[in-house]
Amino acid sequence: MTAQECINCRKPKATHTCEACDEPVCKNCLQVLDIATFAFLKKIPEELKYTNYCSGCYDFTVAPKLDEYNEILDRAKQAFVFFK
């Protein structure tokens, strides 16, 4: 594998890099995570602080945490708050 070959699709000219594993990724395979995605977490884990991910890192690291985070947000939206 050359330095310019995408780790996912093996096409040449990978112009981006996965920030989690430092592997080259092409524009079509790049998974971009908005920096405000985990805005309501008190402390964002180190592996979720990146913005550019390859499919493998996104699927195994980000997706499960994002599903869990969204589930908690949905439950929080259903909570009632009463003010005195």
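Start with the charges: Asp-67, Glu-68, Glu-71 and Asp-74 make up a negative surface patch. A patch here takes residues with over 30% relative accessible area and no salt bridge, with like charges joined within 9 Å. Asp and Glu count as negative, and the place of a charge is CG of Asp or CD of Glu. Glu-68 sits in helix H1, residues 55–77, and is partly exposed at a relative accessible area of 46%. (Partly exposed falls between buried, under 20%, and exposed, over 50%, with a 1.4 Å probe and protein chains only.)

Keep in mind that this is a predicted model: local features need pLDDT of at least 70, side-chain atom pairs need 80 or more, and totals for chains, interfaces and linings use all residues. Residues are numbered from 1 along each chain as its sequence is written, and side-chain values use heavy atoms, leaving out hydrogens and water.

Lys-49 is partly exposed, at 47% relative accessibility.

Now zoom out. The protein has 1 helix and 4 strands, in the order β-β-β-β-α from the N terminus; these are DSSP runs, at least four residues (H or I) for helices and at least two (E) for strands. The C-alpha trace spans about 65 × 20 × 15 Å along its principal axes. Of the 84 residues, 24% are buried.

Notes
Patches are made of residues with over 30% relative accessible area and no salt bridge: like charges are joined within 9 Å, nonpolar side chains (Val, Leu, Ile, Met, Phe, Trp, Tyr) within 5 Å. Accessible areas come from the Shrake-Rupley method with a 1.4 Å probe; for residues, only the protein chains shown count as cover. A salt bridge is a side-chain nitrogen of Lys or Arg within 4 Å of a carboxyl oxygen of Asp or Glu.
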